[in-house]
Amino acid sequence: MLTLLIFFPLLAAIVAAFSGKSAGKIALVFGIAEFAISIWMLLSFNPNGGMQFGQDFWWIKNLGISYKVGLDGISLLMVLLTTFLVPLIILSSFGREYKNPALFYSLILIMQFALVGVFSALDGFLFYVFWELALIPIYLICLLWGGKNSLRITLKFFIYTLTGSLLMLVALIWLWQQTPGTHTFDIAAFYNLQLTASQQGFVFWAFFLAFAIKMPVFPFHTWQPDTYVDSPTPGTMLLSGIMLKMGVYGVIRWLLPIAPAGIEEWGFTAIVLSVIGIIYASCIAIVQKDFKRLIAYSSIAHVGLISAGVFSLTFQGIQGGVLQMISHGINVVGLFFIAELISRRTHTNEMNELGGIRIHAPQFATYFIIILLASIALPLTNGFVGEFLLLNGVFQYNSTLAAIAGLSIILAAVYSLRAFQKISLGEANNRTIKFPELTLQEKCVLVPLIIMIFWIGIFPDTLLSIAGPSVEALQHSITRSADMTMIKN
Amino acid sequence: MIQLAWLILVFPLAGFFLISFGKSIMKGQSAGIVASLTVFASFILSALIFFSLPETPQNIHLFNWIQSGSLTIPFSILIDRISIIMLLIITGVGFLIHVYSIGYMKGDEGYSRFFSYLNLFVFFMLILVMASDYVFLFAGWEGVGLCSYLLIGFWFKNTEYNKAANKAFIMNRIGDLGFLLGIFLMYVTFGSTTFENVFSAASGYSSNQGVIVAITMLLFIGAMGKSAQIPLYTWLPDAMAGPTPVSALIHAATMVTAGIYMIVRSNILYSLAPFTLDFIAIIGTATAVLAALIAMVQTDIKKVLAYSTVSQLGYMFVALGAGAYSSSLFHVTTHAFFKALLFLAAGSVIHAMSGEQNINRMGGLRKKLPITYFVFLIGTLAIAGIPPFAGFFSKDEILSKVYLQHPTLFIVLAITSVLTAIYMFRVFFLTFYGTFRGTHDQAHHLHESPPVMTTPLIILAILSTLGGFLGMPAVFGSTNKIEHFLHESVSFPVAWSQQEPTHAFEWILMLTSVIILAIIIILTYRRFATQQILVSDNEGEQSTPVKLAYRKFYVDELYNSVITKPLNALSGFFYKSIDTKLIDGFVNSIGKGITSGSSFLRLAQTGYVGFYIFAMVFGLIAILLYNLVIK
């Protein structure tokens with residue numbers, strides 16, 4: 001069933017590639033079908049059952065590479081996030097004409113194929129293949145449908161992330177060499193390696209740089225704002241909503257259990273970098289004039305908190321990180337959609353040129369502020385539960401760092417409310433005087449997002465309980481391998 | 001009956017949804033009527049529960065909200081003697097204000113939106129006082145902050161109002177961060193955030209133990225924001241940008257007392273931290289006197305009342321600081337009556353004056369607005385502390401309790417209560433006595449408000465007259481009902497010796513204050529009713545001390561230059577210098593150096609090496625820093 005889930009989008013991409021003008025609608029139908037499959041898997045998932053839907057057979061036997069996939073609570077949630085968001089992203093693109101739609105939508109579907117693959121892979125090489133595969137369609141989307149400077153910006157993005165992934169490849173091959181007998185890329189074998197502390201330090205840095213660039217963590221973030229602003233909105237949504245979660249997911253699945261001693265040594269550095277990034281990016285968001293760029297920087301801040309929480313290795317930190325990945329995905333896609341609607345209607349995202357939208361489009365303003373409030377973590381929205389658990393986790397690790405990271409809840413209110421005021425409140429001007437109210441199609445994108453915002457805000461337990469046992473198992477394996485390192489040393 | 005307590009929450013929430021989604025069906029004033037009825041239903045239910053209240057606190061578990069490892073946060077509500085008092089105030093006074101708003105907001109284009117926000121506010125406020133867990137309480141705490149933001153900026157076309165709304169939200173967030181950190185420390189210390197568990201675990205700690213002091217201080221930071229204490233008080237006067245019923249409900253009677261409620265609720269923790277209590281008493285006193293001084297010279301009727309609220313909140317905090325939790329809650333109650341009354345009466349004046357709020361342009365209104373005049377008089381008598389009106393009993397109780405614990409603060413507070421009487425009678429005489437100083441047009445339109453507005457005023461006037469008898473002290477031969485009612489629910493710092501004020505002291509205090517108040521009334525009458533001496537709005541004509549208080553001691557300007565401007569400068573520096581030039585410039589220079597001699601393919605290859613050097617350099621720096629600085 002999992003293999004079906006992984007390859008179904010690839011099939012969809014092929015169909016879409018040959019369907020000309022109607023590619024968008026076909027992609028949407030396939031996207032919804034994919035979501036239905038993932039829901040079906042959710043219903044048959046047992047949170048206490050460890051890895052499920054597993055499949056394992058040789059791919060390149062001589063090199064110890066196998067097609068090994070499976071889902072636990074954490075990866076299932078990531079897959080669900082992907083299958084939930086992709087149809088919405090496709091639907092959200094219908095208001096704008098994209099040239100060569102067949103290619104556009106099939107690239108989105110290939111992207112989904114790679115993303116589901118990344119979240120399901122349990123073999124190091126397979127993981128790497130999906131990881132790199134995800135880069136190509138998004139690169140092309142940003143390059144071909146992006147703004148004026150797309151060539152320069154996407155090239156930087158491409159080289160930056162490729163550099164990171166090559167480091168990861170080095171680490172994977174090195175780990176492969178350490179496996180006993182005929183070497184293997186099996187994750188279980190990696191988990192059982194008994195590495196010395198200094199070896200783990202090396203693994204930590206190789207993985208960390210790859211993942212840190214992807215998320216991105218300060219100071220590896222400068223590719224991100226330009227890319228987010230310049231890409232076509234569906235591309236930005238894929239990048240920010242799902243793709244950056246590959247980085248955090250990589251940390252949880254590959255970095256923490258393999259190099260716990262590396263974390264012990266370098267985790268503090270990683271958290272400090274994350275916390276600096278939170279404050280730094282929040283401050284920068286305050287002085288932005290372009291709404292899309294503001295969201296881009298606020299996203300760096302949010303991801304910084306996720307990263308800090310995960311590296312705290314506390315239960316609440318990791319579980320909060322998983323939940324916040326979902327919430328952030330939902331909120332950031334919502335915000336970029338709002339930005340897209342504004343630019344479709346007024347042809348600008350410059351906040352100083354906007355204002356008074358609420359007068360003629362009160363519904364638009366209501367949806368906008370709900371998503372904004374979720375992203376500044378108001379209780380009973382999804383953002384609160386995640387940030388509360390994350391900060392709680394960081395606090396258990398180091399209360400001073402938590403207090404500094406916590407400043408972001410103030411700064412986020414500063415830049416978010418300011419943006420809302422400049423865009424929606426005040427008197428209308430020439431650009432906004434005839435701002436049309438939301439169409440039914442646009443509401444179809446926003447309503448599911450809003451429902452999830454409140455659902456996760458009020459009943460987070462429904463998701464937390466899926467991830468809980470897996471987080472526990474993860475923590476268990478971290479302490480176990482940390483113990484082994486200690487014995488060895 | 002008590003098992004149905006969750007319905008108290010459901011009614012206003014249902015009202016919110018009905019009004020929000022039924023906008024097209026709700027014609028005329030039906031939104032206001034629906035909103036009022038839902039709050040009234042909650043009031044009736046609260047009253048029924050009050051009369052059948054069991055001896056022990058009742059926990060009603062709804063469902064588990066957050067469950068993460070050993071952290072469990074339930075959605076469960078707690079009904080006990082503290083929460084029932086708050087419930088009655090919120091739903092009772094809230095209902096009256098809803099009814100008043102039906103008339104006040106008539107004809108506003110956002111009429112139904114106003115009532116949906118008001119209902120949502122009541123819902124969150126009820127969560128705040130019914131929660132049985134700090135995190136659940138925090139949900140209500142931030143929820144009321146949201147509604148406050150929405151209602152301050154209710155007339156959203158006005159940029160100044162929007163700025164006031166943002167300021168309120170952000171200042172509250174500063175406090176909320178303290179609150180959150182307090183919750184985290186609580187979880188780390190006691191392993192739970194639920195009242196029951198926290199309080200029973202805390203009993204094992206001794207007085208003034210560091211961690212307890214830290215928790216109580218952090219929670220108090222939250223209270224400073226929500227209840228507008230120094231240094232986080234400047235948002236409240238600005239919050240008067242909202243419609244007047246909002247000022248009455250949120251920024252006088254209910255939300256701003258949330259900080260006091262939270263500390264009363266946590267009295268077990270606070271009694272273990274006399275250090276924090278002393279700190280609270282000092283902050284409260286300073287706030288009370290500072291705000292009273294500013295109120296002396298303000299010319300906007302709502303601003304005077306706003307600073308008066310800040311000042312009265314200060315009183316309540318001093319009471320907390322003296323360990324007199326029940327006295328504080330008593331003052332919360334009477335203040336809810338008379339301050340809601342004063343705000344609504346001021347609203348009636350503003351209504352009659354076609355939106356004018358400056359008392360310099362009022363005068364002689366008692367003939368045109370007889371009911372408003374009469375109820376405003378009662379409100380003034382109550383807040384000034386004239387027997388037998390409500391404020392007299394609650395304020396005297398606080399003063400005598402403070403005298404026992406902090407004699408120095410007592411003197412400051414006593415002076416503040418003199419100031420209170422002066423600024424209130426100043427407003428009262430300038431508004432209702434003397435000659436009319438407004439325009440001809442305004443004079444022409446002067447009219448008493450309709451019964452839908454005056455009826456709530458009259459009821460609140462009755463409550464402000466009789467409310468004090470709830471806490472009539474023993475010196476009059478009766479029992480102090482509120483104190484008795486709360487006796488089991490509040491503790492007292494063990495480190496302090498609990499004394500009762502002697503009857504002789506209480507008599508002296510009361511007689512002195514009555515004599516002083518009588519003198520003040522005579523003097524203010526001569527100065528403001530007969531001579532009509534005004535504070536000019538032209539700063540050139542003000543004497544230096546007046547100007548200082550008129551400009552609110554330049555605190556806003558101070559914050560602007562110490563916090564806002566440096567933050568913006570720092571952010572700009574981060575963006576332009578660090579991000580664009582330093583980091584991105586560095587990254588690009590690697591790329592550029594390589595591009596100059598290579599094809600695209602080779603760029604990808606060598607780019608890797610170049611970056612590897614960058615990574616190594618960065619790693620080396622990180623290692624060095626780590627070893628030098630951190631270890």
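This is a predicted model: local features need pLDDT of at least 70, side-chain atom pairs count only at pLDDT 80 or more; totals for chains, interfaces and linings use all residues.
The contact between the two chains draws 47 residues from chain A and 47 residues from chain B. On the chain A side, at least two residues each are supplied by helix 6 (150-178), helix 8 (197-214), helix 11 (260-286), helix 13 (315-346), helix 16 (382-397), helix 17 (399-424) and helix 19 (461-488). Helix 17 of chain A provides the largest share of this side, with 11 residues. Classified by residue type, the side of chain A that touches chain B comprises 31 nonpolar, 11 polar and 5 charged residues.

Within chain A, helix 3 spans residues 73-92 and contains 20 residues. The distance from its first C-alpha to its last is 29 Å, close to the 28 Å expected at 1.5 Å a residue. Helix 3 of chain A is mostly covered, with 20 of its 20 residues buried.

Ser38(A) is located in helix 2 of chain A, which covers residues 23-43. Ser38(A) is buried, because 23 other C-beta atoms lie within 10 Å, and the threshold for burial is 20 or more. Apart from neighbours within four places in sequence, Ser38(A) contacts Leu5(A), Val79(A), Leu80(A) and Thr83(A). Between Ser38(A) and Ile108(A), which stand 70 residues apart in sequence, the C-alpha to C-alpha distance is 18 Å.

Leu155(A) belongs to helix 6 of chain A. Since 19 other C-beta atoms are found within 10 Å, Leu155(A) is partly exposed. Leu143(A) lies 12 residues from Leu155(A) in sequence, and their C-alpha atoms are 8.4 Å apart in space. Arg96(A), by contrast, is placed in the loop between helix 3 and helix 4 (101-120) of chain A. Arg96(A) also counts as partly exposed, with 13 C-beta neighbours inside 10 Å. Although 245 residues separate Arg96(A) from Leu341(A) along the chain, the C-alpha atoms of the two residues are 9.8 Å apart.

Helix 4 (residues 111-130) and helix 5 (residues 134-152) of chain B pack with their axes 7 Å apart and at an angle of about 155°. Helix 4 of chain B is therefore roughly antiparallel to helix 5 of chain B, and the crossing of the two is left-handed. From helix 4 of chain B, Tyr117(B), Leu120(B), Phe121(B), Phe124(B), Met125(B), Ile127(B) and Leu128(B) take part in the contact. Their counterparts in helix 5 of chain B are Leu137(B), Ala139(B), Gly140(B), Trp141(B), Gly143(B), Val144(B), Cys147(B), Leu150(B) and Leu151(B). The residues of this contact between helix 4 and helix 5 of chain B divide into 14 nonpolar, 2 polar and no charged.

In the second pair, the axes of helix 17 (residues 390-405) and helix 22 (residues 503-530) of chain B come within 11 Å and cross at roughly 125°. Helix 17 of chain B and helix 22 of chain B are therefore oblique to each other, and helix 17 of chain B passes helix 22 of chain B in a right-handed crossing. Asp396(B), Leu399(B) and Ser400(B) of helix 17 of chain B form the contact with Phe505(B), Glu506(B), Leu509(B) and Met510(B) of helix 22 of chain B. By class, this contact of helix 17 with helix 22 of chain B has 4 nonpolar, 1 polar and 2 charged residues.

Methods:
Residues are numbered from 1 along each chain as its sequence is written. Chains are lettered from A and ligands numbered from 1 in the order in which they are written. Helices (H or I, at least four residues) and strands (E, at least two) are DSSP runs, numbered from the N terminus. The expected span of a helix is 1.5 Å times one less than its number of residues. A residue is buried if 20 or more other C-beta atoms lie within 10 Å of its own, exposed if 12 or fewer, and partly exposed in between; C-beta atoms are placed from the backbone. Two residues are in contact if their C-beta atoms, placed from the backbone, lie within 7 Å. Ala, Val, Leu, Ile, Met, Phe, Trp, Tyr, Cys and Pro count as nonpolar, Asp, Glu, Lys and Arg as charged, and the others, Gly among them, as polar. Axes are lines fitted to C-alpha atoms, for helices over the stretch in contact, and angles run from 0 to 180 degrees between N-to-C directions. Angles under 35 degrees count as roughly parallel, over 145 as roughly antiparallel, 65 to 115 as roughly perpendicular and the rest as oblique. A crossing is left-handed if the near helix is turned anticlockwise from the far one by less than a right angle, and right-handed if clockwise.
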